[in-house]
Amino acid sequence: MSQSTVREIVSNNAVLHLPDGQSIELPVITGSENEKAVDISKLRAQTGHITLDPGYGNTGSCQSGITFLNGEKGILRYRGIPIEQLAAKASFVEVCYLLIYGKLPNQQELTAFEDNLNHHALLHEDMKTFFSTFSGQAHPMAILSAMVASLSGYYSEAADGVGGFDMNAARLISKIRTLAAFSYKKSIGQPFIYPDDSLSYCGNFMRMMFAVPARDYEPDPVVEEALNLLLILHADHEQNCSTATVRTVASSHASLYASIAAGILALWGPLHGGANQKVIEMLETIRKDGGDVSKFVKMAKDKNSSFRLMGFGHRVYKNFDPRATVIKGACDKVLSKMGIEDPILDLAKQLEAAALEDDYFVERKLYPNVDFYSGIIYRAIGIPVNMFTVMFALGRLPGWIGQWKELMDDPTHRITRPRQVYTGNTEVNYVPLADRK
Ligand code: ACO
């Protein structure tokens with residue numbers, strides 16, 4: 001059942017007693033899945049106190065009707081539809097529409113949306129020169145974020161208003177593929193391959209990545225299907241680090257392009273989307289070291305070592321990550337359909353089994369997350385390791401756009417501006433340079 005985004009349902013109030021004798025009644029908001037939140041928005045004005053929650057593990061920053069996840073039960077739903085159903089039945093383009101517009105498109109809406117994506121697949125020709133200005137060592141995520149921000153120089157920021165949103169959303173979803181593929185072509189010294197409207201979203205991307213002018217190219221349906229699945233699984237994940245960044249930037253009324261460019265940069269970090277690259281690098285290190293997974297499990301537990309099992313653990317999932325379950329199943333299927341035997345897959349399974357039997361990981365409820373197996377599929381379909389996080393960004397884009405729209409459509413939203421507990425010096429005097437020690 002569809003739900004409006006902002007819930008007014010107020011159940012029993014909570015009462016907070018403060019050490020200075022004040023007490024305050026705080027409204028309790030109940031979400032559509034019965035999650036409870038204590039609304040502290042009047043706390044400082046009424047008591048002079050703020051709350052402190054580093055990393056925001058207990059802080060709801062918004063009310064949202066896009067994605068529901070329950071980390072204890074391993075549930076993930078986009079607009080109410082379980083991820084397992086979408087993974088088995090939907091196309092990525094349908095999921096983009098669902099996340100942005102709140103419902104699955106009917107045939108007419110889907111055709112119009114697909115036409116729009118085809119129409120916007122090309123880059124402005126002048127933008128091609130940008131690719132030559134990056135150094136050969138530039139990480140594809142640096143190029144992608146710069147190019148997405150640059151789109152605002154070609155497509156009016158003013159058009160980000162109500163009338164222009166649909167077009168800019170379609171531009172981004174379509175052009176991000178072209179940007180990603182062109183940056184890869186540039187890095188290997190091959191000519192850019194232009195989009196082909198006759199192909200599916202994923203087939204078109206694979207062609208721009210792997211076709212060369214000298215030969216015909218037919219996208220492999222197994223690869224198209226695998227890519228479609230991975231993009232769907234990455235498409236949204238409520239208020240994670242990069243999505244919260246997109247909302248934060250958008251809250252200052254920055255453009256869609258600026259907000260998404262910021263989200264891409266937040267995703268890049270190895271504790272977030274950058275983990276998929278780090279997982280494969282870790283598995284390669286284990287393989288080259290002789291393949292003893294127990295040695296690396298031991299190292300991950302050692303508090304004197306900074307090593308962590310990449311692709312393990314999650315702020316919200318404390319049982320299993322339903323995306324990882326789907327991807328693990330797909331890994332075996334894709335590799336066997338493609339006739340690929342990857343020793344890294346066996347190693348990943350051994351590492352998972354060793355960690356899941358270990359008290360350290362059991363006690364802390366650390367399970368494989370979405371990034372643990374996704375890199376193995378990306379590798380099998382020919383995506384270079386340094387582009388894995390770019391693939392994640394392609395998938396996450398419709399979620400970011402949907403969240404940007406939801407924030408902008410909410411007339412009550414305010415600029416994001418957290419408080420702090422100051423722990424620095426109390427007032428001290430300025431010391432002239434000559435008098436300083
Ligand atoms: N390996 C070893 N120990 C770990 C790991 C890990 N991968 N993850 C968490 N822990 C330990 C921590 O050391 C800590 O132990 P302690 O209680 O003894 O101090 C405990 O588990 C809790 O970990 P936190 O870092 O407090 O958990 P948090 O929710 O802040 O971090 C995160 C979650 C960043 C995902 C973390 O689990 C991690 O670094 N994982 C590896 C990187 C990764 O795979 N990131 C991708 C996440 S999915 C995504 O963003 C798409």
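## Residue D126 and the basis of the model

D126 is exposed, because 10 other C-beta atoms lie within 10 Å; a residue is exposed at 12 or fewer such neighbours, buried at 20 or more, and partly exposed in between, with C-beta atoms placed from the backbone. D126 sits in the loop between α4 (107-119) and α5 (128-131). Helices (H or I, at least four residues) and strands (E, at least two) are DSSP runs, numbered from the N terminus.

The model is predicted: local features need pLDDT of at least 70, side-chain atom pairs count only at pLDDT 80 or more, and totals for chains, interfaces and linings use all residues. Residues are numbered from 1 along each chain as its sequence is written.

## Domains and ligand

The domain assignment divides the chain into domain 1 (8-60), domain 2 (93-272) and domain 3 (275-380); such bounds come from an automatic or database assignment. The C-alpha centres of domain 1 and domain 2 are separated by 39 Å.

The ligand lies between domain 2 (93-272) and domain 3 (275-380), because both give residues to the shell around it. That shell holds 20 residues, of which the closest are A275, R308, F312, G313 and R315; a residue is counted when its C-beta atom, placed from the backbone, lies within 6 Å of the molecule. By class, the shell has 8 nonpolar, 8 polar and 4 charged residues. Here Ala, Val, Leu, Ile, Met, Phe, Trp, Tyr, Cys and Pro count as nonpolar, Asp, Glu, Lys and Arg as charged, and the others, Gly among them, as polar.

## Helix α15

Helix α15 (residues 343-356) contains 14 residues and spans 20 Å from its first C-alpha to its last, close to the 20 Å expected at 1.5 Å a residue; the expected span is 1.5 Å times one less than the number of residues. Its buried residues are L345, A348, L351, E352 and A355. They lie on the same side of α15, because they cover an arc of only 125° around the axis, taken from the directions from the helix axis to the C-beta atoms.

These buried residues pack against α12 (275-288), α13 (293-301), α14 (322-337), α16 (359-363) and α17 (370-380), where contact requires C-beta atoms, placed from the backbone, within 7 Å. The face turned away from the buried side carries the exposed residues P343 and A353.

## Residue G65

G65 belongs to the loop between α1 (43-47) and β5 (67-70). G65 counts as partly exposed because it has 18 C-beta neighbours inside 10 Å. Its C-alpha atom is 23 Å from that of K318, a residue 253 residues apart from G65 along the chain.

Key: Two residues are in contact if their C-beta atoms, placed from the backbone, lie within 7 Å.
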